[in-house]
Amino acid sequence: MAKKKTAAERRRRAAEMREQRLKLERRRKVLNIAGVSAAAALVLGLLAFAVFMEIRSRIIPGLEEFEVGSYQHVDVGERVDYAQSPSVGGDHWAYWQNCGVYPEAVTPELGVHSLEHGAVWINYAPDLAQDQVDALVDMYSPGDYLLITPHDDLDAPIVASSWGRQITAETADDEALQRFVALYERGTDVPEPGAACSGAVSATESVVEEGLETGDMGFLGGGGPMDDGSGADTGADEDQDAEGDAADDEERADEESGNEEDAAASDAPAEE
């Protein structure tokens, strides 16, 4: 009788242990599922936050967008009647305004060409407080695609333009202005992304006007147009073409000289 009781106890104990193992396995599965779900929720949450921040960065209060029609080169000195002032794009001269900070207004037809290369053009009212002007100047670092200039007859103390876009601001630390510059400086959705914003014209509008009146085109820096409408600097290509032409002329001269010597040798009487 005692043996049967012991065997029954062993079976009961074994059953209890199996049940305990099953409970532990079920608990581990639940924990694993909960962990994976939490990790997935965290990843999805981070992705959603990143998407939200990206969308937020591109939603700039007060941003105006414009359709730019023609943006061809016109002759230096020809004036373009822009739909906006300051302009956000359009026809322009074949030279661009070097990016940087200017104490006076610059020529619109030059500034628009800089916009075409991906620059942001910040214009401010001449009576803007000096501390605000200084804050705008501090936004520029050498190499930046920023034009910072005074401008008469603005609708706001500060007007920033990129190709096809414009925003106004009351102060230099305006969050919308800062986001506009961060998003569109060196813009890629422009006709000539990556083209230069240096090596061209540094003259202010008054200097350009004087040069046009006197016929002194030195403000252009000499040479022909800076690009051919595709954003490529053609100066080097013209030099290479000139060198190639000179080499071709020299080669043709050598060939003609060689032909004359051969002809002279064939005409000479043979020695006996």
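## A strand pair to start from

In this predicted model, S161 stands opposite Q166 of β6. The two strands involved are β5 (residues 158-162) and β6 (residues 165-169), which run antiparallel and are joined by five bridges. Strands here are DSSP runs of E with at least two residues, and helices are runs of H or I with at least four, numbered from the N terminus.

## The whole sheet

Two strands count as paired if DSSP finds at least two bridges between them.

## Helix α3 and its two faces

Which residues of α3 are buried? They are Q132, V133 and L136, where buried means under 20% relative accessible area, exposed over 50% and partly exposed in between, using a 1.4 Å probe and protein chains only. These residues sit on the same side of α3 because they cover an arc of only 100 degrees around the axis, taken from the directions from the helix axis to the C-beta atoms.

The buried residues of α3 pack against β3, β4, β5 and α4, with contact meaning heavy atoms within 4.5 Å. On the face turned away from that buried side are the exposed residues Q130 and D138.

## Salt bridges

The whole structure holds seven salt bridges, each a side-chain nitrogen of Lys or Arg within 4 Å of a carboxyl oxygen of Asp or Glu. One of them joins R79 and E209 (2.2 Å, N to O). This pair links distant parts of the chain, with R79 in the loop between β1 and β2 and E209 in helix α5 (residues 205-214), 130 residues apart.

About one helical turn separates R179 and E175, because they are four residues apart in the helix. R179 is buried at 17% relative accessibility, whereas E175 is partly exposed at 45%. E65, R165 and D189 form a network of salt bridges.

## Reading the numbers

Residues are numbered from 1 along each chain as its sequence is written, and side-chain values use heavy atoms, leaving out hydrogens and water. Local features need pLDDT of at least 70 and side-chain atom pairs count only at pLDDT 80 or more, while totals for chains, interfaces and linings use all residues.
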